Amino acid sequence: MIKLNKTLATLALAGSVAAISSPAMARDTINIVGSSTVYPFATVVAERFGTTSDFPTPKLESTGSGGGLKIFCQGIGTNHPDITNASRRIKSSELELCQSNGVEDITEFRIGSDGIVIASSKDAEPMDLTLEQLFLALGEKVPVDGEWVANPHKNWSDVDSSLPNKPIRVMGPPPTSGTRDSFNELALAGGCDRLPEAADLSEDQHSATCESIREDGAFIEAGENDNLIVQKLMGDASMYGVFGYSFLEENSDRLQAAKLDGVAPEPQLIAEDKYPVARSMFFYVKKAHIGVVPGIKEYAAEFVSPAAMGPNGYLKDVGLIVPTRDGLMALQKKLDKMPNLTMSELK
Amino acid sequence: MNNQSEQAEIVRRSLKRRYRKERRFRSYGILAIALALGALIILFADIIGKGHTGFLKTTITLDVEMDSERMYLEDPTNPDEVRMADFVEPLIVSLAKILPDATEDDRDALRGLVNAYSANQLRNELTANPDWMGTTQTITFLANSNVDVYVKHKGDDAYSIKLSEQQQAWVDELQERGVIETRFNDVFFTSGDSRDPARAGVLGAIVGSLLTMFVTLVLSFPIGVAGAIYLEEFAPKNRFTDFIEVNINNLAAVPSIIFGLLGLAVFINLFGMPRSVPFVGGLVLTLMTLPTIIISSRAAIQSVPPSIREAAEGIGASKMQVVLHHVLPLAMPGMLTGSIIGMAQALGETAPLLLIGMVAFIVEVPEGFFDAATVLPVQVFLWAGSPESGFIERASAAIMVLLTFLMSMNALAIWLRKRLERRW
């Protein structure tokens, strides 16, 4: 029995020693974190990079833009990721966090755009909305005769008589999603700001009122699964769905998108910022890790190469709205110099 | 006498009502079971209906002419030349040859039929067999995932067909001539994740799950059993052990994501362990399954009749001998069953792994406890959220693989119980 005890104790000790002394080993795989919106594009690049180069395929985690930047900014060393993707620009507070943890030198790459579309089944009649109308249809509180009241509009035609006489039913992403953030910020607040009543709101009230979506059943939260929204739209022609452009592209034979302010979500129009609900996507490279983890610069080069992001690039096939020719040239230059992102650029 | 027959009359009259009541009660039970079974059948029918095609792959067999001029390649053993060579052109040429109405100008349309990585496959095969240069070889390639979806799901509304009408006509023709075939999808079981549905597989996730489960089993079973034995056999019954008991029961009901947060804070941030590795995943799942194992092990120990202990003590066995020689062997089947159920629960867990970075795109199959890995349920989650419609069937197929694992674990638990259990 004593022997058994000894063996057990040794095992337990060995286990705990192994557990504590294991980390801080060298790493030869690039670690990438960040936005779920950039994830479908970055994974394609990563896989391509893994099969065509001598480096292993990078590991990609989908953590959301904010989560990604938080992990990215935690410090330098192989336990921290090398690259983070974001579907919005880094905030100055996040850059401060990075700098306070020693992550001083970061290079930013803007990798094209994503439009947020309002789509319906091809059987539905096409819709052309202004952003004001969109806000009046989906805002939690809307002005009626100068007073902000709970949204009374039941049908699209209640908002404006030119719109179809059908109940307002829109499926969209939950609040945890970056798509929802951008939709609130660009589409709803954009429409809200155009209303004369919005000028009277104080700053606090402004974001609370202009970026709140109604919760009375007209807006249906569908979870992060955009495929599910597409399937629901196929079954019900009076339903609209809010999602990223790539899902529209994948299902272009079955879905149509509403025009916003008279502009359809065409790739060209999104790339030129003419479509009102478009956002840029970025990735950030931790320069201190270049040379420590092999292949970081080569991965960035693959991402911004014409083969990936050019007018016939493979990222275009998966729905990325590729940058213009000048934009691509600027990215190539950036890759040569790897300039640091500075605080003054963010303000 | 009169009184008695009156009573009998009352009983007789109420008898019918009582039988009715009983029948109604029984039918409620049957209804509940029917509902549960119905839901299960719908679930399985849906998953199997969607997923069975995931076990098929679409291939395209071509006679590829290794023409050095078209490929810009003289010497396949020279890596520099191989890097610059064109491996797409021979595929397009051989397709154009077998499709009479296609010309080499339909390049993009023809390229859309073969998989995006076929050129890589050709390169690898040619560098492995340099003497192929200048000959014509019959090679089977994976079809493009759009072709795969079209071949399997023509006219199905849930899938989006992305081939042009011309391409569809070509595929129909090639299929008739046996150039395009569907066969068993070995790729699904021999490769890791991919963004191309045709090349995506579950092997990486299966290995990741096995590594994670191994760590969980090795840690949680001995710790859980030791904890249960101590609490049942040795611990004094006082307020402190009561307090521990209440806490273990509470822990069993804590949402799993909390264990993920704990793992992130302790193992990754405090101990500095790497993200996304099976070892940390196993540690987190150990924390999650421990309460389950302790509770079921204690129940198993409690079910050992006191007479066994008394008999052993009566012939002079020490406390330790009683426990190790008599109680533990008799309680083992119950402990094993509880552990297997706990492990099955852990196998299906995603939420805690999200926070320690195991929800990730990982192409390479992990080779050790400190290689980045993902697990089966996470793979299902990742595929279900992918825009390509080829992933609909792959996600369901992965669910079937996961369910197979779960069912075999549960079957093992039942078999162990049946085989080893003693009735008193």
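**Two chains, talked through**

Trainee: What radius of gyration does chain B have, and what would a compact globule of 424 residues have?

Mentor: Chain B has 31 Å, while a compact globule of 424 residues would be near 22 Å. The radius is taken over C-alpha atoms, and the globule rule is 2.2 Å times the number of residues to the power 0.38.

Trainee: What kind of model is this, and how is it labelled?

Mentor: It is a predicted model, where local features need pLDDT of at least 70, side-chain atom pairs count only at pLDDT 80 or more, and totals for chains, interfaces and linings use all residues. Residues are numbered from 1 along each chain as its sequence is written, and chains are lettered from A and ligands numbered from 1 in the order in which they are written.

Trainee: Back to chain B. What does its C-alpha trace span?

Mentor: About 105 × 65 × 35 Å along the principal axes of chain B.

Trainee: And how is chain B divided?

Mentor: Into domain 1 (53–185) and domain 2 (203–420). Those bounds come from an automatic or database domain assignment. The C-alpha centres of these two domains of chain B are 46 Å apart.

Trainee: New topic: chain A. Which domains does it have?

Mentor: Domain 1 of chain A is 27–113 + 281–346, and domain 2 is 115–278. Their C-alpha centres lie 30 Å apart. Here 15 residues of domain 1 of chain A meet 13 of domain 2 in contacts.

Trainee: How many helices and strands do the chains have?

Mentor: Chain A has 16 helices and 13 strands. Chain B has 18 helices and four strands. Both are DSSP runs numbered from the N terminus: helices are H or I with at least four residues, strands are E with at least two.

Trainee: Where do the two chains touch, and with how many residues?

Mentor: The contact takes 32 residues from chain A and 28 from chain B. On the chain A side, α2 (39–52), β2 (59–61), α9 (226–235) and α10 (245–250) each supply at least two residues. The largest share, seven residues, comes from α2(A).

Trainee: Which strand of chain B does β2(A) join?

Mentor: Strand β4 (residues 360–361) of chain B, through two bridges, running antiparallel. Strands pair if DSSP finds at least two bridges between them. A:Leu60 stands opposite B:Phe361 in β4(B).

Trainee: One residue now. Why does B:Asp63 count as partly exposed?

Mentor: Because B:Asp63 has 13 C-beta neighbours inside 10 Å. Buried takes 20 or more other C-beta atoms within 10 Å, exposed takes 12 or fewer, and partly exposed is in between, with C-beta atoms placed from the backbone.

Trainee: Where does B:Asp63 lie, and which residues does B:Asp63 touch?

Mentor: B:Asp63 lies in strand β1 (residues 56–65) of chain B. Not counting residues up to four places away in sequence, B:Asp63 touches B:Ser94, B:Thr136 and B:Thr138.

Trainee: What share of each chain is buried?

Mentor: In chain A, 45% of the 347 residues are buried. In chain B, 40% of the 424 residues are.

Note on methods. Two residues are in contact if their C-beta atoms, placed from the backbone, lie within 7 Å.
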